[in-house]
Amino acid sequence: MNDSSWGAPQGAGHWGAPEMRAAPAGPAYDVHDAQQTRPMPIVPDVPDAGRDADDRDDRGQGAGRLSGGPLFRDEKPQEPMSTAPPPPQKKRAGRDLRAAIGVGVGLGAVIVASLFIVKAVFVGVIAVAVVVGLWELTSRLQERKGIKAPLVPLAVGGAAMVVAGYAQGAEGAWVAMALTALAVLVWRMTEPPEGYLKDVTAGVFAAFYVPFLATFVAMLLTADDGPQRVLTFLLLTVVSDTGAYAVGWRFGKHKLAPRISPGKTREGLFGAIAFAMVAGALCMQFLIDGGSWWQGLLLGFAVAASATLGDLGESMIKRDLGIKDMGTLLPGHGGIMDRLDSLLPTAPVVWLLMVLFVGSG
């Protein structure tokens, strides 16, 4: 056997190893295939999407970290986060409209029934509303500011003020107002003098703000067509508020008084004026004896202005107190005072214009 049969195969020097006997060639194994082995591809290090930047290896190269793409071929790549702005949210009313409508309808039914059946019953409804409103106002003043306006003389004097206005007119209302203020001053003297001035000042303010202004509603009722006058007053105020809400909610863009009531807009004010003027023309023409449509236009404009100012006035009080509502007695509305805010300053305006337009009888 010659030595050439044991010669090193071609390319053996590439491995730097001593010569070895070549394996016999066959169909499944060929010496040339064994010599031409392909090198394994080098996989570069890429960052791992599932780890933080702190999870690097000791060499600081981030070896062994996976990319943010799919780990296996059958995985779907992660969808990129959308940068598009979210769709605009639908405006919400901010209150429970079902409860608000239900309570409003119930109160309206009680008011209308008492108004057209027995006038004295409606006067009692006014007196009850005044007492509850005074309780809410004085309670919030004491809770939020530590002001102790005497409730007992205010409640008794307030109810008496409404009855005096109905029975004796403006003179009776003024006398009852003066006596109520005096009662507040005397009642507060039974307690220590600290805070006396602020307590009696708040008490006199409450007497004027709630029962005295409400007395003009009772004075509207004394005319021959008193129920129609009161109904006109209530309708115009409610229509003004509704117009302001509907137009402001749909088209409102320009704030009316953002520091006092951010929800009110100039567009809402225009809606209140338009709705109230139309309602005023209809009411004066068809409900009030001797009234005409042009008087109703003026009356509606005045009601929209006074109702808006009254709403802003109570919003100023609530902002000073740091509260949203004066009470929780009426679901969807808040308290009694939250419903009287636009009615109270509107009552003397309607009474005065009614007297100027068609007289006091």
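**A tour around helix α8**

Start by selecting K318 and D338, whose side chains form a salt bridge with an N to O distance of 3.0 Å. Keep in mind that this is a predicted model. The pair links distant parts of the chain, with K318 in helix α8 and D338 in helix α9 (residues 336-340), 20 residues apart. Both K318 and D338 are buried.

E314 and K318 both lie in helix α8, four residues apart, which is about one turn of the helix. Through shared partners, salt bridges join E314, K318 and D338 into one network.

Next, select K264 and D311. Their side chains meet in a salt bridge of 3.2 Å, N to O. K264 lies in strand β2 and D311 in helix α8, so this pair ties together parts that are 47 residues apart in sequence. The structure holds seven salt bridges.

Stay with strand β2 (residues 261-265) and select S261. Is S261 buried or exposed? S261 counts as buried because its relative accessibility is 10%, and buried means under 20%. Leaving out residues up to four places away in sequence, S261 touches L312, S315 and R319.

Last, show helix α6 (residues 226-251) with helix α8 (residues 293-321): they pack at an angle of about 60°, with their axes 9 Å apart. Their crossing is right-handed. To see the contact, select T232, L236, T237, S240 and D241 of α6, and L299, V303, A304 and A307 of α8. These contact residues divide into five nonpolar, three polar and one charged.

How values were computed. Residues numbered from 1 in each chain as written. Predicted model: local features only at pLDDT ≥ 70, side-chain atom pairs only at ≥ 80, totals over all residues. Heavy atoms only, no water. Axes fitted to C-alpha atoms, helices over the stretch in contact; angles between N-to-C directions. Helix = DSSP H or I, 4+ residues; strand = E, 2+ residues; numbered from the N terminus. Left-handed = near helix turned anticlockwise from the far one by under 90°. Contact = heavy atoms within 4.5 Å. Nonpolar A, V, L, I, M, F, W, Y, C, P; charged D, E, K, R; others polar. Buried < 20%, exposed > 50% of the residue type's maximum accessible area, 1.4 Å probe, protein only. Salt bridge = Lys/Arg side-chain N within 4 Å of Asp/Glu carboxyl O.
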